[in-house]
Structure formats: C-alpha cells, structure tokens
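The structure goes in first.

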Amino acid sequence: MLSATATHLLRILLRSPPPNLPSRSQRHPHPSPLLRSPSAAGPNGVGAVGSYKTPKPQRDLLRELVSENDGFVRVLPIYVGGFSLLAVLLNRSFSNIPPVADASSSQSRADILSLALAVTNILAGLVWLSIRPKNISPVVLRGVQCRRLNPLISKRAVLEMLWAWDSLSAVTCCRSLVVVYDSSCVLQIGVAAESPLEDGDAMDVDVKKLLQGSLCKSAMESQKQSYMANLSLYPGKSELPFLPTNTQSVILQPIGDNGVAIIGGSTIRGFNNTDQ
C-alpha cells in the first residue's frame, strides 16, 4: 500500500501522469475531505459525510473469531489430546488386547503413535497457556495538530498527497506524515512535536539535517522501505525530532531518488505486511 502510494506520488511530483490511469480527481470527483470545512469532516478530519468514502479495512473473520475466543483456543489442544489419550486406553481395554505393547502387533504400533500424538497435543496446549502475547494498544500521540503544504507544488500534487494522508490515516495506525522531496518539505500533516518555543506551533522539519542522517540516507540509497516497528529501540529516533516523542513505529518510504515519506504510527508493530 505504502509502496504503491509512494510510486504514484513520485509521478505526480515529477508532473508526469501515470500511464493509462485516470487521475484521482476523475475517479473521485469530490475533493478530499481535508480540503473541506471542519464541519463537513468526521471527528478526526477524515471520512467526510457525502459521496466521498475513505477506504475501509478488510475484516479477517477467522482472526476475529480466534481473538474473541482466545482462552478456549489455547486450551483446545489439551482437550483434544486428553480425549485421544482416553480413547486409545479404552480401545485397548475393551478389545482384548494385551496391556503390554508388542512390537510385532500392528495394533500396538498404531496405539503407540496415537499416544505420542495425544501427548504432543497436551504439551502444545500447555505451552499455549504459558506463553501469551503482550496486548499492544494504540497510544495518543503527544503533540500538536499540523497541516503544512509547500505553496510551490502544483494543485494536483496537493490533492494527491492529501488523498494519500486521508487513506493512510483511515485504514492504518498512521498519525503523522512528512513528505520530503527535492531537498524541501512538501507536506507535514497530522500530529507533530511542539516547537521548542512552546508557542503552540509544530516543530519545523530541518530537511538538510534529516537527509544527512543515517535513516533517510540509507533508505534513499537502497531504495528500500525501512520499517522501525518499535521506534523506542532505535537510537536513530533522534533524527526525527519533528515527530511526537511517543511515536511508536515509523516507516521510511523512498520516493524515487530525491524524496522520502516518513510515516509515524501510534502502535508498536502497528503496520502489517499489507500496509507496508
């Protein structure tokens, strides 16, 4: 999702329309809800009421079912293994089979395999009960709301980047977005760190210092996405002072050879493979 969005942003910034594809304005004749009045948008400024509809995340029914019945799913292997073990013992008891296993008997060999599988199920259930993943919840980023656009870029590029922000913030944990291209900050939107002057304004993006840092430099040189699933564990987080101090995860997505998009999330490991 982010890679496709970055590729399309590059085409727009280079003023080269994507081949054989209608523009976003043709596919979505109504402007982005971020360009409307606040009263027309939802509580987060996304998903305005009207014919424009933001993308909706797909539901994984199996995942939801397992999540809602987590305790039962974890103990299920113990029940299956216990029932299988009991069934094997009852079968030997009522089938006039000697209680001592006989290697020459096919029934005995089958019973041994069944017992091994039953014990494996029981042990798996015990492991599932002892190991529980930590429940990770999204946090409220500490900062100020920001919406800065470079006045030198074209109107179409503005609409395209606002559409990208609208989509990312609606279907992912993205809460901050910064787009740097051709040595200038063309977009800074979402929650940003407060200015050191404490005047209620957002901190400016020092583009020169940002591009000289190891994070952006490595991402642009390799032309590969860089995903920091838990930002607090990375010493390079000091290169992103314009993001809220409690930003949980960050994606650096190269935009061609001259740009990079920085996406800040509110959840540790909040961006799944589809988002990336």
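The entries below record what I looked up, beginning with the ground rules.

I worked from a predicted model, in which local features need pLDDT of at least 70 and side-chain atom pairs count only at pLDDT 80 or more, while totals for chains, interfaces and linings use all residues. Residues are numbered from 1 along each chain as its sequence is written, and side-chain values use heavy atoms, with hydrogens and water left out.

**Helix H5.** I took helices (H or I, at least four residues) and strands (E, at least two) as DSSP runs numbered from the N terminus. I found Ser-108, Asp-111, Ala-118 and Gly-125 buried in H5 (buried is under 20% relative accessible area, exposed over 50%, partly exposed in between, with a 1.4 Å probe and protein chains only).

**Salt bridges.** I counted 3 salt bridges, each a side-chain nitrogen of Lys or Arg within 4 Å of a carboxyl oxygen of Asp or Glu. Arg-74 meets Asp-70 at 3.0 Å, N to O; the two lie 4 residues apart in helix H4, so about one helical turn separates them. Arg-74 is buried at 10%, whereas Asp-70 is partly exposed at 29%.

I then followed Arg-148, which meets Asp-201 at 3.2 Å, N to O; this pair links distant parts of the chain, strand E1 and the loop between strand E3 and helix H7, 53 residues apart. Asp-204 also forms a salt bridge with Arg-148, with closest N and O atoms 2.6 Å apart, and I noted that shared partners join Arg-148, Asp-201 and Asp-204 into one network.
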